[in-house]
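Have a look at the model first, then read on.

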Amino acid sequence: MTQSILLVLLANVLLLATGLGALPLIGVARSGRELLRRSGLAYLVGLAVGGIVAATLAVLQLSASWLAFSLLAGASVVGGAYRLRGRWSGGDRGPRCARIDLGIAAAASVAMLALVVQAGRAFVVAPFYDWDAWAVWGAKGRDLVLFGGADPAVWGHQWGVGHREYPLLVPGLEAMVFRAVGSFDVQVVHLQFLLFAPALVAALVALLGDIVPWRILFPILLALVAAPGFLLELMRAYADVPLACFLAAGTAAAGRWLLRGERWCLVTTALLYGAALVTKNEGTLFVAAAYIAVAFCVGRDRKRLGQVGVAILGSVAILLPWRIYASILHLQNEDYKLGDSFRLGYVASRVGRGPIALHDMVDKVVLPSQWGLLATVALLAAGAALLARRRMLPAFAAAFALLSLAGLSWIYVISPLGIGDYVNSTTARVTGSLVLSLAALAPLMATEARRPEES
């Protein structure tokens with residue numbers, strides 16, 4: 001077991017190196033000083049880039065082997081080093097923190113580390129105990145290893161893996177774990193999911209730590225990690241919380257871009273939203289909602305709208321290989337068909353399902369035993385920002401939340417599945433992307449509420 005854990009960690013070191021090299025390449029770091037200050041983004045970016053590459057290789061019938069991940073890490077590091085070319089002193093030094101901020105950050109960090117380490121004891125011995133964990137995600141990861149990619153002979157037939165229409169980022173990472181340990185270890189693979197927790201926390205610190213006081217940022221991060229549904233849903237080994245992590249960090253970057261207009265933030269958003277698109281089908285809904293909300297906040301600023309359009313194209317380009325592959329094999333969504341939205345008689349007979357699903361989703365969003373107080377914290381932060389006449393981020397959060405809930409409710413309307421079982425088995429986890437994204441915006445909104453009004 002210890003050897004397997006070390007091998008999984010070694011594989012993730014390659015992803016960390018990939019992300020570290022990618023930061024200069026995508027403009028996040030233009031000097032060694034900025035690379036050091038924003039290095040917290042490296043691991044989540046590495047997970048995104050590594051997962052995207054693994055998913056893309058899979059549809060090309062190529063294997064994301066140890067050699068492939070090693071070459072990816074090496075190329076990324078060399079490319080990033082060349083992009084920096086010895087520049088160290090560029091960029092500002094970042095704000096100096098007061099002692100109280102350092103103390104709060106240290107205490108919250110120790111608490112988060114304790115939670116993750118304690119959870120790790122369960123993660124490394126937990127089996128696949130939920131249906132989709134082994135029949136969908138785990139089975140796809142296994143088949144990527146056995147067949148050296150997404151073999152049409154498996155994905156193209158009904159008797160193949162479950163939910164064949166789901167994209168392949170998570171199975172690609174699971175396949176990496178299986179190859180690393182040399183067996184289909186359905187226990188230690190959970191460690192890969194647990195590592196999304198520190199990846200998200202570090203990414204949010206890198207994104208927000210220089211503009212949000214740590215006395216605001218770190219308590220919210222602790223509330224995120226301590227939310228019961230966060231670690232519990234990760235241990236189920238579904239794709240929902242990895243999806244939520246990419247969305248949350250991407251949304252935080254989008255919020256920062258709306259406030260400060262820094263190009264690297266929008267590039268980060270495009271990359272992380274692209275990773276969300278190849279993580280799970282629901283990623284399309286949330287990413288669309290987020291980009292529409294960003295465009296709404298930009299308003300009539302043609303230059304910024306153009307930049308948003310370029311970001312959208314970048315995210316869609318990441319998904320394109322999988323969509324082409326799914327189209328060739330005629331892979332259809334097993335839970336619903338968007339075409340049913342235009343069958344007026346069908347919709348009219350089922351429209352009452354929408355309020356049922358919406359009520360249950362809202363309950364899950366605010367339920368302390370699922371997502372803790374994250375939604376409440378985000379709502380209070382938005383209210384404080386509005387009282388301070390800082391409307392941009394509350395408008396972004398509200399538009400994103402309303403569009404996301406409306407889209408999810410519509411899916412429940414058009415799905416042929418029984419509403420009771422469908423709602424009971426899905427709402428607790430699908431709302432995670434919404435809650436974590438709002439929680440990622442909360443520190444920015446709270447900070448905006450404290451900023452003196454400009455004359």
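Is Arg142 buried, partly exposed or exposed? Arg142 is partly exposed, with a relative accessible area of 34%. (Buried means under 20% relative accessible area, exposed means over 50%, and partly exposed sits in between, using a 1.4 Å probe and protein chains only.)

Before going further, a word on what you're looking at. This is a predicted model, where local features need pLDDT of at least 70 and side-chain atom pairs count only at pLDDT 80 or more, while totals for chains, interfaces and linings use all residues. Residues are numbered from 1 along each chain as its sequence is written, and side-chain values use heavy atoms, with hydrogens and water left out.

**Salt bridges**

A salt bridge here is a side-chain nitrogen of Lys or Arg within 4 Å of a carboxyl oxygen of Asp or Glu. Searching the whole structure turns up 15 of them. Here are some, with the N to O distance:

| Arg142 | Asp143 | 2.9 Å |

How covered are the partners? Asp143, the partner of Arg142, is buried at 4% relative accessibility. As for Lys280 and Glu282, both are buried.

Arg260 and Glu262 also belong to a network of salt bridges, which links them with Arg37, Asp210 and Arg256.

**A nonpolar patch**

Now for the greasy spot. Leu146, Phe147 and Phe184 make a nonpolar surface patch of about 290 Å². Patches are built from residues with over 30% relative accessible area and no salt bridge, joining like charges within 9 Å and nonpolar side chains (Val, Leu, Ile, Met, Phe, Trp, Tyr) within 5 Å; the areas come from the Shrake-Rupley method with a 1.4 Å probe, and for residues only the protein chains shown count as cover.

Phe147 sits in the loop between α6 (131–146) and α7 (152–155) and is partly exposed at 40% relative accessibility. Helices are DSSP runs (H or I, at least four residues), numbered from the N terminus.

**Asn12**

Finally, take Asn12 in helix α1 (residues 2–25). Asn12 is buried, with a relative accessible area of 4%. Which residues does Asn12 touch, not counting those up to four places away in sequence? They are Tyr43, Leu47, Met176, Gln192 and Leu195, where contact means heavy atoms within 4.5 Å.

Note on methods: Helix = DSSP H or I, 4+ residues; strand = E, 2+ residues; numbered from the N terminus.
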